[in-house]
Amino acid sequence: MPSSRLIILIVGLTLLLGLMLWLIDSLSRLYYTIAFTAPLLANLLLLLLIVLLGVLVAAFVYYLLVLPQLQKRQARRPQPKLPTAKADVAEKNLRAVRQQVAQIQDEVARQALINRSRTIEQNLSRRELRVVVFGTGSAGKTSIVNALIGRVVGQVGAPMGTTDVGATYHLKLKKLNREIWVTDTPGILEAGVAGTEREQRARQLATEADLLLFILDNDLRQSEYEPLRRLAEIGKRSLVVLNKTDLYPDPDRETILARLRDRLRDLVAAADIVAVAAQPQTVRLESGDWLQPEPEIMPLLKRMAAVLRAEGEDLVADNILLQSQRLGDEARTLIDTERRREADKIVERFQWIGAGVIAVTPLPVIDLLATAAVNAQMVVEIGQVYGCDINADRGKELALSLAKTLASLGIVKGAIDLISTALRLNVATFLVGKAIQGVSAAYLTRIAGKSFIEYFRHDQNWGDGGMTEVVQRQFQLNRRDEFVKAFIQEAIARVVRPLTENATAGEPLEVEPKDRR
């Protein structure tokens with residue numbers, strides 16, 4: 001006990017003792033004085049004074065002994081706190097995301113990611129648990145929410161598609177230090193463009209939930225199993241709720257529950273599959289009146305309470321960690337998309353530069369070694385897009401190595417055959433021979449450039465299959481009919497026509513390296 005309270009206790013007890021002695025003496029005198037004339041009044045006065053003295057003593061004891069204990073218990077009550085390890089990982093992910101976001105050139109996309117990262121950061125200290133109700137429009141999601149909240153909060157029995165956006169309501173459960181917010185989502189598997197948009201919104205809300213309530217009204221369909229499986233794969237904690245059980249006889253209900261537990265045994269624990277009747281059908285009594293039974297929602301409430309009390313902090317931490325990881329993935333995807341766009345422009349520019357080099361100085365056979373300097377510079381510029389400091393010597397080394405790989409795999413010959421065939425179908429015969437080398441060089445430079453993009457995208461790593469596998473894959477991707485047709489048409493405009501015009505004028509060929517729109 002603190003010294004200040006001990007002093008107060010000693011002084012108080014001394015004063016109380018003195019007061020009691022004085023009162024006893026005074027009361028005895030008063031009592032004997034009144035007792036001779038009005039005995040009943042004397043006894044009532046004595047009783048009143050004893051009661052007042054008892055109240056005073058009780059208040060003194062409460063202040064000095066009981067109240068401090070209550071304050072200590074309240075102080076010891078644990079405040080919601082995320083598991084340290086998971087919170088630390090989430091914070092590290094958010095710091096990494098901010099560094100990534102700074103590299104995004106699109107201002108709108110960059111600001112959107114910054115805002116989302118701030119929201120996730122705020123969630124690290126939030127005192128809330130988010131429960132999302134998810135399922136088809138006919139499964140009775142809103143009825144479930146109504147039964148949980150205890151009042152009508154949405155349209156029950158309304159047509160599918162009524163819930164356009166998530167509506168959120170507050171739920172109180174005892175012995176939980178966090179507030180619980182329940183969100184009713186649009187239905188999934190609805191027809192039409194509007195239905196698809198609502199489903200996307202519902203799926204987004206589901207991925208942001210700390211706890212997911214997946215609502216069914218019958219045995220699980222494959223179209224319902226797939227979204228549940230995907231949510232489980234990303235680590236989303238789910239309770240599967242079989243609603244409208246009042247419509248089934250007991251044996252049928254047990255059969256459905258057994259099937260659900262069997263089909264979902266790898267995704268959801270058997271204890272997390274519960275049966276309810278959120279809005280039971282009205283029953284007609286013998287008197288002719290209609291009775292609306294009370295919702296049978298207690299199995300769900302009990303399971304929710306048990307899960308949230310036992311796992312609530314981990315659920316919040318897991319969800320925040322998941323959101324930070326997904327945000328990081330999205331940022332990396334945006335950065336990769338922007339980098340590929342820039343790198344593709346570089347490849348397109350250098351492929352026509354390479355075509356010009358070969359067309360101006362034709363060789364008996366196509367040899368990418370003749371364009372090594374051009375391709376080396378292409379490698380340097382692609383590396384710069386991906387933040388890699390590649391000097392000219394290293395660029396030339398990589399270009400020569402890839403040129404040898406193209407030749408050893410027979411891709412050079414394959415490219416010449418492909419381009420020759422395509423040109424003969426689109427260009428006059430007397431021009432084909434002059435154009436083959438330049439257009440083939442452009443095509444091979446493109447394959448090389450696309451291969452280098454994959455190399456830098458994967459942190460200067462060719463992968464398990466090495467350079468050979470990457471080059472072969474790019475050759476296959478760039479020999480598709482639709483691409484070859486578009487490529488030849490552009491080659492005619494950039495190489496064949498300038499070649500013809502300059503040959504007629506007696507001037508050397510110049511290929512304009514401009515971006516294709």
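**Figure 1. Surface and overall make-up of the predicted chain.** Residues are numbered from 1 along each chain as its sequence is written, and side-chain values use heavy atoms, with hydrogens and water left out. The secondary structure comes to 15 helices and eight strands; helices (H or I, at least four residues) and strands (E, at least two) are DSSP runs, numbered from the N terminus. Of the 517 residues, 42% are buried, where buried means under 20% relative accessible area, exposed means over 50%, and partly exposed lies in between (1.4 Å probe, protein chains only). Among contacts (heavy atoms within 4.5 Å) with a separation of 6 or more, 73% are between residues 24 or more positions apart.

**Figure 2. Confidence along the chain.** The average pLDDT, the predictor's confidence in each residue from 0 to 100, is 80 for the chain. A score of at least 70 is reached by 78% of the residues. Over residues 74–79 the pLDDT stays under 50, and the model has three contacts beyond four places in sequence for them. Residues 507–511 also have a pLDDT below 50; this stretch has 13 contacts in the model beyond near neighbours in sequence.

**Figure 3. Strand β1 and its two parallel partners.** Six of the eight residues of β1 are buried, so this strand is largely enclosed by the rest of the structure. Strands pair if DSSP finds at least two bridges between them. Six bridges join β1 to β3 (residues 179–184), and the two strands run parallel. In that pairing, valine 131 has valine 182 of β3 as its bridge partner. Strand β4 also runs parallel to β1 and is joined to it by five bridges. Here, valine 133 stands opposite leucine 213 in β4.

Figure 4. Lys141, Asn146 and Ile149 are among the buried residues of α5. Just after α5, glycine 150 takes a positive phi of about 90 degrees. Helix α7 (residues 222–233) has twelve residues and reaches 16 Å from its first C-alpha to its last. This reach is close to the expected 16 Å, the expected span being 1.5 Å times one less than the number of residues. In α7, the residues Glu224, Tyr225, Pro227, Leu228 and Leu231 are buried. The buried residues of α7 pack against β1 (128–135), α6 (192–207), β4 (211–216), β5 (238–242) and α8 (250–263). Glycine 235 follows α7 and has a positive phi, near 95 degrees.

**Figure 5. The largest nonpolar core.** A nonpolar core is a set of buried Ala, Val, Leu, Ile, Met, Phe, Trp, Tyr and Cys residues joined through side-chain atoms within 4.5 Å. The largest has 48 residues, of which Ile382, Val439, Phe452, Phe456, Phe487 and Ile488 touch the most other members. Elements that give two or more residues to this core include α9, α10 (372–385) and α15 (481–505). Helix α13 gives the most, with twelve residues. Beyond its neighbours within four places in sequence, isoleucine 382 is in contact with residues including Ala343, Ile346, Phe452 and Phe456.

**Figure 6. Isoleucine 353 and threonine 445.** Isoleucine 353 is found in helix α9 (residues 298–360), and threonine 445 in helix α13. The two are 92 residues apart in sequence and 9.4 Å apart in space, C-alpha to C-alpha. Isoleucine 353 counts as partly exposed because its relative accessibility is 26%. Threonine 445 counts as buried because its relative accessibility is 0%. Leaving aside neighbours within four places in sequence, threonine 445 is in contact with Val347, Phe350, Gln351, Asn375 and Met378.

**Figure 7. Two loop residues with positive phi.** Most residues other than glycine have a negative phi. Lysine 244, in the loop between β5 and α8, has a positive phi near 60 degrees. Glutamine 460, in the loop between α13 and α14, has a positive phi of about 55 degrees although it is not a glycine. Lysine 244 is partly exposed at 27% relative accessibility, and glutamine 460 is partly exposed with a relative accessible area of 37%.
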